[in-house]
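Open the model in your viewer and colour it by secondary structure. The tour below goes from one selection to the next.

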Amino acid sequence: MLGAGRKINCPQCGSESVWSVENPCRPFCCERCKLIDMGAWASEAYRVPVQESTDPLSESSPAGEAS
Ligand SMILES: [Zn+2]
């Protein structure tokens, strides 16, 4: 039983969806939810540019490693 009809919740509307090859819109329950979610994601991505700001609190910069 490897993911054979695993039940999940649609991230868009919360309805019960099935994660299987029979559901091409997974993890969404239907194509509409899929499009809505992708559209929302795209619009937000456009609206808010990626801010890879150099946050000093971020642990992404290994500064101070010098010895
Ligand atoms: Zn849905």
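Which residue in E2 is the bridge partner of Lys7? Select Lys7 and look across to E2: the partner is Val18. Keep in mind throughout that this is a predicted model.

**The two strands.** Next, select residues 6-9, which form strand E1, and residues 16-19, which form strand E2. The two strands run antiparallel, and 4 bridges join them.

**The turn between them.** Now select the part of the chain that links E1 to E2. This hairpin has 6 residues between the strands. Stop at Gly14, where phi is positive, near 85 degrees.

**Arg6.** Go back to strand E1 and select Arg6, which belongs to that strand. The C-alpha atoms of Arg6 and Val18 are 5.6 Å apart, although 12 residues separate the two along the chain.

Is Arg6 buried, exposed or partly exposed? Arg6 has 13 other C-beta atoms within 10 Å, so it counts as partly exposed. The cut-off for exposed is 12 or fewer, and the cut-off for buried is 20 or more.

**The whole chain.** Finally, zoom out and select everything. The protein contains 1 helix and 2 strands, and their order along the sequence is β-β-α. Of its 67 residues, 6% are buried. Among contacts with a separation of 6 or more, 8% are between residues 24 or more positions apart.

How values were computed
Residues numbered from 1 in each chain as written. Predicted model: local features only at pLDDT ≥ 70, side-chain atom pairs only at ≥ 80, totals over all residues. Pairing = 2+ DSSP bridges. Contact = placed C-beta atoms within 7 Å.
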